[in-house]
Amino acid sequence: MNTIIADAIENFYFVGQPIRHLKNEQMVEFELLLRNNIVLGFPKDEYAWMTKSEKSHAKFLKYIVEDVCRILDSNPGMYFSLNLDQQEIEYETTFQIMEQISLKNRSRLILEITEIPTLRRYGQYGETINVSAFKRLKELGYRLALDDLTTGNNSLGNLEIIIQYLDRLKISYRHLEKMMTPDEIVLQIHLLQSIVGRHEMDLVVEGVETKSVSDNLETLGVTLQQGYLFKVNTCLTNCKMYDEGNKRDQNDVHFRIF
């Protein structure tokens, strides 16, 4: 089992998708997205296997955190965000491993808690989301984001009970487009801006793919945007180079290989 885990882990690496700060172009931030050498895109099956038990997840997260620390140390002027799903923050070892990141580096790392609900609870709580886990991560000095708001377990109801621990909300424009008319999207954006304004958070709109969408969002006051519109034209000098299986990542100007 240990050999299987070790072999799988060695194939993981990160690409970064830029989060564009339109109000401050000097601010450089990337969301770190997990990839591997075997499949294109997010390795969902491998990830699910790694996170289904605390033992396998601890080995996986330890490797991930070591790589995140390398990225932070190699890029002192940049900020990054890292996804954790809600099963991961059920495990006690997650907090022990996240505590290994230096306080200085934690200040440049925002943890995005995804909408994927837990498969198994390891603590007792009456809510539909693990409030104490958010509180503990916040106490460790991390900035926290709620990813893909209004989808999965990241409902407005759950937002209400964890909002005091959050620094950022993220919502997908593509999701809004599928569900709402243009006028309804404007109302939703205004609603979210009102929420983040009252709670001293920021709002990131993901899934921005065209200049017109970006311009419309900027007119509405959305200055943190993420999506395929924002290209990365250069790679850092210390980026890893991978085999032919990663040719897509190497040639995709929307990502930077870390």
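Is F30 buried or exposed? In this predicted model, F30 is buried, with a relative accessible area of 4%.

The structure holds eight aromatic pairs. In one of them, F30 and F80 are stacked, with 6.3 Å centre to centre and 25° between the planes. This pair joins distant parts of the chain, since F30 sits in strand β2 and F80 in strand β3, 50 residues apart. Another pair, Y47 with F60, is edge-to-face, at 5.9 Å centre to centre and 75° between the planes. Here Y47 belongs to helix α2 (residues 44–51) and F60 to helix α3, 13 residues apart. Ring pairs also link F12, F42, Y47 and F60 into a cluster.

Here is how the partners of these two pairs compare with the 20% cut-off, under which a residue counts as buried:

| Residue | Relative accessible area | State |
|---|---|---|
| F30 | 4% | buried |
| F80 | 1% | buried |
| Y47 | 12% | buried |
| F60 | 3% | buried |

Arginines meet rings too: R35 lies over the face of F255, 5.4 Å from the ring centre, and R136 lies over the face of F95, at 4.0 Å.

Now for the largest pocket, which has a volume of about 800 Å³. Its lining counts 31 residues, with E31, L33, F42, N83 and D147 nearest the centre. β1 (12–21), β2 (28–36), α3 (54–74) and β3 (79–84) each give two or more residues to this lining, and β2 gives the most, with five. By class, the lining has 14 nonpolar, seven polar and 10 charged residues.

Technical notes. Residues numbered from 1 in each chain as written. Predicted model: local features only at pLDDT ≥ 70, side-chain atom pairs only at ≥ 80, totals over all residues. Heavy atoms only, no water. 1 Å grid on protein atoms, 1.4 Å probe; cavity = no way out; pocket = protein on both sides within 12 Å on 5 of 7 lines; lining within 4 Å. Points joined across faces, edges and corners; volume = space filled by probe spheres on them. Helix = DSSP H or I, 4+ residues; strand = E, 2+ residues; numbered from the N terminus. Nonpolar A, V, L, I, M, F, W, Y, C, P; charged D, E, K, R; others polar. Phe/Tyr/Trp six-rings, centres within 6.5 Å; stacked < 30°, edge-to-face > 60°. Buried < 20%, exposed > 50% of the residue type's maximum accessible area, 1.4 Å probe, protein only. Lys NZ or Arg CZ within 6 Å of the ring centre and 35° of its normal.
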